[in-house]
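Morning, everyone. Please bring up the structure on your screens, and I will walk through it.

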Amino acid sequence: MLLKILLTLAVIVAAYMKFHKRKPVMPSVSANSLLVRYLALGILFTTVLLSSVWLGWRWYDGNRVLSVTIISPERGEERIFKVRKRNLGQSELETLDGLKIRLSSQERIMISSSDQN
């Protein structure tokens, strides 16, 4: 623990010494540096935009309501539930009403989009 503290302090002191000795340089504005700056801002803007679109699509797709039909092989009965796509798992699901259902390995499920019914 003491070694970690000493190592952290050594890194801080080394960084301070390195940046403290530097003399401030007056920035010169050239066409090349402006191009690089605008290019960096464009890449940053594009990355943020694409990330927002991707997160929005995941949210939209996860909130889609699906109709899940569970067919029991023992009784041969079918039960239909409305489920959000994000709440549909490998062996369990949660309905819109908050009912959590665990599926056995014998039960069959059929999933369809809610607007097709």
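This is a predicted model: local features need pLDDT of at least 70, side-chain atom pairs count only at pLDDT 80 or more, and totals for chains, interfaces and linings use all residues. Numbering starts from 1 along each chain as its sequence is written, and side-chain values use heavy atoms, with hydrogens and water left out.

Let me start with the sheet. Helices (H or I, at least four residues) and strands (E, at least two) are DSSP runs, numbered from the N terminus. Two strands pair if DSSP finds at least two bridges between them. What is the strand order of the open sheet? Five strands run 4-3-2-1-5, with antiparallel pairing. Strand 4 and strand 5 (108–113) are the edges, and each pairs on one side only. On average, neighbouring strands of this sheet are turned by 45° against each other, direction ignored. For that angle, axes are lines fitted to C-alpha atoms, for helices over the stretch in contact, and angles run from 0 to 180 degrees between N-to-C directions.

Now the hairpins. Strand 1 (residues 65–71) pairs with strand 2 in the antiparallel sense, over seven bridges. Ile70 has Arg79 in strand 2 as its bridge partner. Six residues sit between the two strands of this hairpin, and Gly76 in the turn has a positive phi of about 70°. Strand 2 also forms a hairpin with strand 3, with three residues between them. Those two strands run antiparallel and are joined by two bridges. Val83 has Thr95 in strand 3 as its bridge partner, and Leu88 has Leu93 in strand 3.

Next, charges. Side chains of opposite charge can pair when their charged atoms come close. I call it a salt bridge when a side-chain nitrogen of Lys or Arg is within 4 Å of a carboxyl oxygen of Asp or Glu. How many salt bridges does the structure hold? Four. I will take three of them.

Asp61 meets Arg64 in a salt bridge at 3.2 Å, N to O. Asp61 also meets Lys85, at 2.9 Å, N to O. This second pair links distant parts of the chain: Lys85 is in strand 2 (residues 78–88), Asp61 is in helix 2, and they are 24 residues apart. Together, Asp61, Arg64 and Lys85 are linked in a network of salt bridges.

Is Asp61 buried or exposed? The cut-offs first: buried means under 20% relative accessible area, exposed over 50%, partly exposed in between, with a 1.4 Å probe and protein chains only. Asp61 is buried, at 16%. Arg64 is partly exposed at 32%, and Lys85 is partly exposed at 33%.

Glu92 is partly exposed, at 42%. Arg102 is exposed, at 71%.

On to the aromatics. Rings of Phe, Tyr and Trp (its six-membered ring) pair if their centres lie within 6.5 Å; planes under 30 degrees apart count as stacked, over 60 as edge-to-face and the rest as tilted. The structure holds one such pair. Trp57 and Tyr60 have ring centres 5.4 Å apart and planes at 40°, so the pair is tilted. Both residues lie in helix 2 (residues 31–62), three residues apart, which separates them by about one helical turn. Trp57 is exposed, at 51%, while Tyr60 is partly exposed, at 47%.

Last, the surface. Patches are made of residues with over 30% relative accessible area and no salt bridge: like charges are joined within 9 Å, nonpolar side chains (Val, Leu, Ile, Met, Phe, Trp, Tyr) within 5 Å. Areas come from the Shrake-Rupley method with a 1.4 Å probe, and for residues only the protein chains shown count as cover. Leu2, Ile5, Leu6, Leu9 and Ile12 form a nonpolar patch, with about 500 Å² of accessible area together. One of them, Ile5, lies in helix 1 (residues 2–20) and is partly exposed at 42%.

That is the tour.
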